[in-house]
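Work through the two exercises below with the sequence and the structure at hand. Each task is followed by a solution in steps.

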Amino acid sequence: MKRRKFNSTLALGVSGVALTANMPLACAMNSNQNKKKLGVALVGLGSYSTYQLAPALFDTAHCYLAGIVTGTKEKEEVWANKYNISQDSIYNYDDFDSIKDNPDIDIVYVVLPNSMHADFSIRAARAGKHVICEKPMAMNVEECDAIITACKKANVKLGIGYRLHSEPYTQKVKRFAKEKTFGNIRYISADAGYYSGSNPNQWRLDKSLSGGGALVNMGVYAIQSLIYGTGENPISVKAQEFSTRPKYFKETDETITAQFEFKSGVVGNIMTSHNANANRLYASCEKGWFELNPANNYGPLQGTTSKGEKISFPHESQQKLQMDDFAKHILFDAPNLVPGEMGKRDMIIVEAIYKSIAEEGKKQVLDFEPRYGFGE
Ligand code: NAD
């Protein structure tokens, strides 16, 4: 028995359900019982796939690692052995489109440099696979639109790799905003950054591959914090850029600050950097404050409030929770916590920030529907 068949009997993917029509009853019953575990193919086996996503897929309840797509031949055998992946479910970037014929793969998870997100997400959708696309969603808003359109046309689900939405500290902060636990929020601030000083040839410093610097890499977390921390989309932004190591950051932004206005009157501020470690969300409200620090790493996060309470949850892999939430969206029509429109909204804000910097800090108007980009 080929290993692919073995895998699909163990955990038949949804795209394999049609096969049950002509199967003997006992076999079909067996498949139906097991079909709820969806097969995931990781595209790009770099550090995030290797150290976070693949290990998390050992623990997920509703999906499992069924395939890989890699440009590095040597990784094929290592991953096949470690994760029991069938030879039939190993692809490279050129033969990737034939994944359409593989019933074991239900979800394609794109974990490549940012410039490759749109191409592979669109190809995955055309292959009839559900798509998770890593953050930042794409290089620009136009590419985000192309991904959203391709997924709609193919009638497949689309999620963005914003893992924090499945994470309990972040969910608690969302509730503070929704329930006005500390009254109306008046000021919100979020920082997201780390010191980058190694390998000057890494793709994150190459604008043609990354699309930008700290802002697209870490700044999207700070933008996200402001939005889920208030429960509102911003109505304007002004931004500034700072550079202290131009020889290292030849093409990409090093540090950016930006100030936001919200319709309710909240004022927001973000700082994102590839030159400073920063990881915090703080909200000052009518009747107190709440804070997450750290707010956006792989956890455990930590939270405190003006009531003196320490927010505390048992730690679980954020990636495990995120991938299971997406699988539940497909299997049980559970809410999509991170729709494509959320990635697009953030890219609209990223573009407005770069425009403001190019126009020496000029205010840019943002015109979103109140709930545009919010997960269900
Ligand atoms: P990485 O550099 O570790 O891995 C990139 C992978 O892409 C490698 O396997 C590499 O071989 C492959 N690749 C294909 N073509 C390439 C090219 N032209 N140049 C460079 N690499 C190429 O990167 P990573 O940290 O795994 O990040 C991948 C994606 O995941 C990025 O979009 C990043 O923003 C995202 N990410 C998200 C999180 C999160 O918490 N959600 C964390 C880390 C990374």
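**Exercise 1.** How many residues surround the ligand, and which are the closest?

Solution. Note that the model is a predicted one.

Step 1. Count the shell: 22 residues surround the ligand. The closest are Ser47, Asn114, Lys135, Arg163 and Trp203.

Step 2. Sort the shell by class. It holds 12 nonpolar, 5 polar and 5 charged residues.

Step 3. A polar backbone atom of lysine 135 is 2.8 Å from a ligand oxygen.

Step 4. On its own the ligand has 830 Å² of accessible area, and the protein covers 79% of it.

**Exercise 2.** Is glutamine 364 buried or exposed? Describe its surroundings.

Solution. 

Step 1. Locate the residue: glutamine 364 lies in strand E15, which spans residues 364–365.

Step 2. Compare its area with the cut-off. Buried means under 20% relative accessible area; glutamine 364 has 9%, so it is buried.

Step 3. List contacts, leaving aside neighbours within four places in sequence. Glutamine 364 is in contact with Ile235, Ser236, Val237, Ala352, Lys355, Ser356 and Glu359.

Step 4. Pick out the polar partners. The side chain of glutamine 364 makes a polar contact with the glutamate 359 side chain at 3.1 Å. The glutamine 364 side chain also reaches the backbone oxygen of lysine 362, at 3.2 Å.

Methods:
Residues are numbered from 1 along each chain as its sequence is written. This is a predicted model: local features need pLDDT of at least 70, side-chain atom pairs count only at pLDDT 80 or more; totals for chains, interfaces and linings use all residues. Side-chain values use heavy atoms; hydrogens and water are left out. A residue is near a molecule or strand if one of its heavy atoms lies within 4 Å of it. A polar contact is a pair of N or O atoms within 3.5 Å; within protein, one must be able to donate a hydrogen and the other to accept it, and residues adjacent in sequence count only if both atoms are side-chain atoms. Accessible areas come from the Shrake-Rupley method with a 1.4 Å probe; for residues, only the protein chains shown count as cover. Ala, Val, Leu, Ile, Met, Phe, Trp, Tyr, Cys and Pro count as nonpolar, Asp, Glu, Lys and Arg as charged, and the others, Gly among them, as polar. Helices (H or I, at least four residues) and strands (E, at least two) are DSSP runs, numbered from the N terminus. Buried means under 20% relative accessible area, exposed over 50%, partly exposed in between (1.4 Å probe, protein chains only). Contact means heavy atoms within 4.5 Å.
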